[in-house]
Amino acid sequence: MSYINENFLKLQDSYLFSTIAKKVAKYTEENPDKKIIKLGIGDVTKPIVPACLKAMHKAVDEIGTTEGFKGYGPEQGYEFLRKAIVENDYKARGITIQEDEIFVSDGAKCDCGNIVDIFAQNNKVAITDPVYPVYLDTNVMSGREITYLPVTAENNFKPELPKEKVDMIYLCFPNNPTGTILKKEDLKKWVDYAKENQAIILYDAAYEAFITEENVPHSIYEIEGAKEVAIEFKSYSKTAGFTGVRCAYVVIPKALKGYTKEGKEVSLNKLWNRRTCTKFNGVSYIIQRAAEATYSEEGKRQIQENIKAYLENAKIIKEGLEEAGFTVYGGINSPYIWLKVPEGMNSWEFFDKLLEEVNIVGTPGSGFGEHGEGYFRLTAFGTKENTIEAIERIKNWR
Ligand code: PLP
């Protein structure tokens with residue numbers, strides 16, 4: 001008999017996006033003449049920039065030649081990309097990271113999910129609520145105890161340090177879904193907590209490229225001592241529109257240690273390297289060349305233009321909603337706008353009203369966790385025209 005991992009039975013079914021899709025489909029069927037504007041999904045809409053396309057085409061031609069053919073590549077990523085990451089994402093910000101502390105992957109989702117492999121089941125895990133569901137579900141799958149850290153307007157969307165000791169802490173800033181950030185001094189508290197408690201911070205910086213304000217850390221390693229306590233996840237998905245292309249990386253500094261039951265120190269970089277070599281074949285050469293091209297002068301400029309356009313949409317949404325009398329968070333260092341739903345309504349009731357009365361689709365905050373109830377997420381990833389139209393509708397509606 002093959003016994004299953006019963007932890008999977010503890011997972012809550014995720015009905016969020018399927019329920020949204022069903023509601024939208026039903027409304028469209030009953031109201032075929034209405035133009036629905038979707039500001040709900042977290043996917044980007046702008047195509048891959050020319051600099052990355054050029055790099056991919058070149059790589060495609062290269063592998064069609066005997067000299068340029070690439071078979072199995074290094075599991076950790078090609079040196080050219082790891083070098084470009086070290087130079088551009090770290091050295092340029094005054095952070096020293098070694099190439100062998102970088103592991104190139106096919107997604108921050110997979111990295112956030114897979115990293116639990118190298119940690120014991122009895123670690124206590126702290127997760128913010130509301131949250132990007134991958135951290136929660138992957139830890140439920142592997143049977144860990146979860147402590148929730150509420151992030152709401154009451155604490156200014158800054159999670160408070162846990163009262164009881166935890167061993168692993170997931171932080172995501174700029175945050176999905178709330179669009180809020182931590183300042184350097186806020187993040188330092190977490191680094192200090194992790195040091196005092198021999199805990200590990202799993203820092204998801206997938207939206208780092210959207211930071212516009214000063215004193216907001218682009219990397220947790222901007223905080224002194226973080227290399228001893230933090231793993232960092234980065235992704236090209238939202239930065240460079242790679243949601244379909246697939247490329248990301250994780251940083252595991254060599255100074256980072258885990259412990260055996262007997263209290264012996266073990267390098268997490270070594271463990272992750274072993275896991276990567278065993279379970280992963282690396283990202284395709286063509287895609288890694290595309291990721292490298294995001295750091296070329298041309299690539300940087302083209303990508304910045306896209307990010308600027310998304311941030312302009314965010315501004316249109318934020319300011320428009322404020323004018324319409326809503327209380328709004330995020331949208332300054334993030335493509336996400338998190339709004340408080342009007343008194344007397346819950347997140348799903350607001351979803352229905354918005355769909356039926358102004359034909360706009362967003363995401364109910366309660367879908368991201370209990371403390372997301374009473375909030376609603378809109379995204380800046382739509383077209384400018386649709387964003388403007390959606391906000392005009394909401395203003396006229398209110
Ligand atoms: N982390 C956060 C917070 C996200 O919102 C997302 C995607 O929506 C990811 C990670 C996934 O990134 P990737 O496309 O690299 O898997």
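Analyst: Here is a walk through a few of the helices, one after another.

Keep in mind that this is a predicted model. Let's begin with α2, which runs over residues 50-63. Its 14 residues reach 20 Å from the first C-alpha to the last, close to the 20 Å expected at 1.5 Å a residue. Which residues of α2 are buried? They are Ala 51, Cys 52, Ala 55, Met 56 and Ala 59.

What covers the buried residues of α2? The cover includes α9 (285-293) and α10 (297-323).

Follow α10 and you get to another pairing, with α12 (residues 384-397). The axes of these two helices come within 9 Å and cross at roughly 5°. Angles under 35 degrees count as roughly parallel, so α10 is roughly parallel to α12. On the α10 side, the residues that meet α12 are Glu 312, Asn 313, Ile 316, Ile 317, Gly 320, Leu 321 and Glu 323. Their partners in α12 are Lys 384, Thr 387, Ile 388, Ile 391, Ile 394 and Lys 395. Sort the residues of this contact and you get six nonpolar, three polar and four charged.

Now zoom in on Lys 395, which lies in α12. Is Lys 395 buried or partly exposed? Its relative accessibility is 27%, so Lys 395 counts as partly exposed. Leaving aside neighbours within four places in sequence, Lys 395 is in contact with Gly 320, Glu 323 and Ala 324.

Last stop, α1 (residues 16-30). Its 15 residues should span 21 Å at 1.5 Å a residue, and the end C-alpha atoms are 22 Å apart, which agrees. Leu 16, Ile 20, Val 24 and Tyr 27 are buried in α1. They cover an arc of only 65° around the axis, so they are on the same side of α1. On the other side of α1, Lys 22, Lys 26, Glu 29 and Glu 30 are exposed. As for partners, the buried residues of α1 pack against β1 (37-38), α11 (347-358), β13 (360-361) and β14 (363-364).

Key:
Residues numbered from 1 in each chain as written. Predicted model: local features only at pLDDT ≥ 70, side-chain atom pairs only at ≥ 80, totals over all residues. Heavy atoms only, no water. Helix = DSSP H or I, 4+ residues; strand = E, 2+ residues; numbered from the N terminus. Expected span 1.5 Å × (residues − 1). Buried < 20%, exposed > 50% of the residue type's maximum accessible area, 1.4 Å probe, protein only. Contact = heavy atoms within 4.5 Å. Axes fitted to C-alpha atoms, helices over the stretch in contact; angles between N-to-C directions. Parallel < 35°, antiparallel > 145°, perpendicular 65-115°, else oblique. Nonpolar A, V, L, I, M, F, W, Y, C, P; charged D, E, K, R; others polar. Arc of directions from axis to C-beta.
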